[in-house]
Amino acid sequence: SKLTAKPRKRGIDLAEVDRHFAQLDRKNFTPPIIKIKQGSVMAEINISDLHLGKLAWHGDTPENYDYKIARDTFYSVIGEIVAEIRNKEVEYITFVWANDFFNSDTIEQTTTGGTRQDCDVRWQKMFNVGVEMLVRGIETLSDVAPVKTFYTPSNHDEVNGYHALKYLEAWFRKDPNVDISQDAYPRKYQLYGNTLLGYCHGDKENSTGTKEKASRLASLMPIEAANLWGKAKYREMHTAHLHSEQMIQEINGVIVRRISSPTALDTWHTTSGFMGAVRKAQTFIYDKERGLIHTLNTPI
């Protein structure tokens, strides 16, 4: 006798699909809850490229900017971030400010390298206002958690930035909740749990292009932080200088980030067409075991 092949079913049997989903217990499903241990997160508050003392006129630039606006912006950002993180279990705060915090570095109101800047305030007053801002900012942050801060040389204020650091060191010398690093090395590193973080301004490490700078920074980390490299599961370099948020590249497990800036455009940036960057500060929350878990944006 001849065997008769059974006809093959075509398509999906919708009745079977309905029966399958009817068996799923969707009402009693509870997603797993990941608990964060008390005091097991670190908050990096990064206010880069504030450019205190910069003058921008809403006539040849999109909006006004001067030392008073910069000061108010700084205090507003600190206050908003504190409100966001106050109820989190923060072990300590890493406060990153030394990326062109001051707009100029000399009596002639130039950058460290001699480039003339549009400034609205005398150099003495700019420094006095700036260190008062930093003291008040750190005092506000230290009410939430202990604060660690440091210096990274920048192209606008390499000298003033270091002098400000020494001012902070003297001011907080007896405060156990504030740790001021005196190191003048151009790049800084810290290990928090499983995360290795590096910091620099990012204007000097190979000047041939953005991607090349990212590659150079990623390759420097295992050399300069060799004793911390093997202890880390996650690795990031945080740089500034470009006034815009960019995750440039992930290279051999190192994420190189460009951090945003809260500053306004000056005449040179406006004339040159460097427009459109979102003005904001950024805060990164790191879990001790799982690395970066939250990014808080504080728009201006």
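Analyst: E245 is partly exposed, with a relative accessible area of 45%; on this scale buried means under 20% relative accessible area, exposed over 50%, and partly exposed in between (1.4 Å probe, protein chains only). The model is predicted, so local features need pLDDT of at least 70 and side-chain atom pairs count only at pLDDT 80 or more, whereas totals for chains, interfaces and linings use all residues. Residues are numbered from 1 along each chain as its sequence is written, and side-chain values use heavy atoms, with hydrogens and water left out.

The partner of E245 is K280: the two form a salt bridge in which the closest N and O atoms are 2.7 Å apart. A salt bridge here is a side-chain nitrogen of Lys or Arg within 4 Å of a carboxyl oxygen of Asp or Glu. This pair links distant parts of the chain, 35 residues apart, with K280 in strand β10 (residues 280–287) and E245 in the loop between β7 (234–239) and β8 (246–251). Strands (E, at least two residues) and helices (H or I, at least four) are DSSP runs, numbered from the N terminus.

D287 forms a salt bridge with R290, and their closest N and O atoms are 4.0 Å apart. D287 is buried at 5% relative accessible area, while R290 is partly exposed at 37%. A further salt bridge joins the side chains of D203 and K204 at 3.0 Å, N to O; D203 is buried, its relative accessible area being 17%. R187, E205 and E224 are linked in a network of salt bridges. The search of the whole structure finds 9 salt bridges.

For context, consider the strand pairing. Strand β2 (residues 90–96) has 6 of its 7 residues buried, so it is largely enclosed by the rest of the structure. Strand β1 (residues 41–46) runs parallel to β2 and is joined to it by 6 bridges; strands pair if DSSP finds at least two bridges between them. V41 has V90 in β2 as its bridge partner. From β1 the chain passes through helix α2 (residues 67–85) to β2 in a right-handed β-α-β crossover, meaning that the path from the first strand over the helix to the second runs clockwise with the strands pointing away from the viewer. β2 also pairs with strand β3 (residues 147–149), in the parallel sense over 3 bridges, and K148 in β3 is the bridge partner of T94. With helix α3 (residues 123–142), β2 and β3 make a right-handed β-α-β unit.
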